[in-house]
Amino acid sequence: MTVGITSTLQFIAGNSAQYMKPGPNGQSQQAAAAAAAAAASSTVPDTNNNEMEDDRTVSDKDIDSYLKHYNRWQQSAWGRTLSDLVKRYLGYEFEDEVKWNNVFMIGIFHVIAVWSFLHYVWQATPITYLWNFVLMKLLFCFILPTFIPWYFFGETFLMSFFSQCFVRYVLSLNFTWLVNSAAHLYGNHPYDKRINPAENRAVSVVAMGEGWHNYHHVFPWDYKAAELGNYSVNVTTFWLDVFAKIGWAYDLKEPSKDLVRRTIEKYGDGTHITARIGHMEEVPAPADS
């Protein structure tokens, strides 16, 4: 079931490990490639658990094929036709090309979610509905955050109420929205300078590690959503690692160090901490007088 869910999520995001494996067209060549892969897999373990065979040496062809899939996607013929129909009959023109398969899949999920909600509400008693869908949200989102500072820490009720129910709530929403706004506009591009998503430390701090967006768009299947291992700017990764230690999270995937390094060297903007600074020279030692 886990494999099925993972495959579905990869399909929705337009991600597939097959693009890291540029297989030949002929059946005989495919068989030879499969035999070679099987032989290699027996000697090279999949240490990062991503099933992409990037533990072995990554070639330029592999990187081009990988990034072409993730960052150079082009709309299909039927997708362009559907966009033209929307423009012709609804009068709306999309600024960018649309992944219609994603739209349909997300739409189906929304239909299933709404149907499940209505079905559950119809079957449930009013008390069960109120507890699960109303009281639990009010309790953990507003009541407890207001009550605890007021009762235990001596804060005034008005200050506790307004700070938790308005200021904190509004800030948390806006911090989340910054990931898909500010982190797509401001920052550097150490992994792929050809795309808009950027590395934004400020967004990462307020969004608990979700601001390393250039890395995330180049390696969207990395569970860390960042290359950095410092938990101070990636709190989400800290909790994922904690849950992995106690068995609540598993099959955590990440790219190999070689794949990340080669991608930085080929398509990065030179701002990565490991990038060479070619335009700077070492200060010469002072000449003896």
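Predicted model: local features only at pLDDT ≥ 70, side-chain atom pairs only at ≥ 80, totals over all residues.
Q: OK, and α4 itself, how many residues has it got and how far does it reach?
A: Helix α4 runs over residues 77-90, so to speak a 14-residue helix, and spans 20 Å from its first C-alpha to its last. That is close to the 20 Å expected at 1.5 Å a residue.

Q: Which residues of α4 are buried?
A: Gly79, Ser83 and Val86 are buried in α4. They sit on the same side of the helix, because the arc they cover around the axis is only 55°.

Q: Why would residues a few places apart point the same way?
A: An α-helix has 3.6 residues a turn, so residues three or four places apart end up pointing the same way.

Q: And what's exposed on the face turned away from the buried side of α4?
A: That face carries Arg88 and Tyr89, both exposed.

Q: Zooming out, how many helices and strands are in the protein chain?
A: Eleven helices and zero strands. From the N terminus on, the elements simply read α-α-α-α-α-α-α-α-α-α-α.

Q: What share of the residues is buried?
A: Buried residues make up 26% of the 289 in the protein chain. As for contacts between residues at least 6 apart in sequence, 58% of them join residues at least 24 apart.

Q: Switching to aromatics. How many pairs are there?
A: The count comes to 16 aromatic pairs. One of them is Tyr191 with Tyr215: the ring centres are 5.0 Å apart and the planes are at 75°, so that pair is edge-to-face.

Q: Where do Tyr191 and Tyr215 lie?
A: Tyr191 is in the loop between α7 (157-178) and α8 (201-206), while Tyr215 is in helix α9, so the pair ties together parts that are 24 residues apart in sequence.

Q: Are those two tyrosines, Tyr191 and Tyr215, buried or exposed?
A: Both Tyr191 and Tyr215 are buried. Phe243 and Trp248 form a stacked pair, with 5.5 Å centre to centre and 20° between the planes.

Q: How exposed are Phe243 and Trp248?
A: Phe243 is partly exposed, at a relative accessible area of 30%. Trp248 is exposed, at 65%.

Q: Which residues do ring pairs link into a cluster?
A: The cluster is made of Phe147, Trp150, Tyr151, Phe152, Phe157, Phe161, Phe162 and Phe166.

Q: Back to α9 for a moment. Which helix residues does it cover, and where's Asn214?
A: Helix α9 covers residues 213-218, and Asn214 is in it. Asn214 counts as buried, with 0% relative accessibility.

Q: What lies 2.9 Å from a polar atom of the Asn214 side chain?
A: The backbone oxygen of Pro197.

Q: What else is Asn214 in contact with, leaving aside neighbours within four places in sequence?
A: The contacts of Asn214 include Asn188, His189, Pro190, Tyr191 and Asp192. Ile195, Pro197, Ala198 and Glu199 are among them too.

Q: Last topic, cysteines. How many disulfides?
A: Zero disulfides. Cys141 is in none, and the nearest cysteine sulfur, that of Cys165, is 7.7 Å away.

Q: Are Cys141 and Cys165 buried or exposed?
A: Cys141 is buried, with a relative accessible area of 17%. Cys165 is buried as well, at 11%.

Key
Residues numbered from 1 in each chain as written. Heavy atoms only, no water. Disulfide = S-S within 2.5 Å. Buried < 20%, exposed > 50% of the residue type's maximum accessible area, 1.4 Å probe, protein only. Helix = DSSP H or I, 4+ residues; strand = E, 2+ residues; numbered from the N terminus. Polar contact = N/O pair within 3.5 Å; in protein donor to acceptor, adjacent residues only side chain to side chain. Contact = heavy atoms within 4.5 Å. Expected span 1.5 Å × (residues − 1). Arc of directions from axis to C-beta. Phe/Tyr/Trp six-rings, centres within 6.5 Å; stacked < 30°, edge-to-face > 60°.
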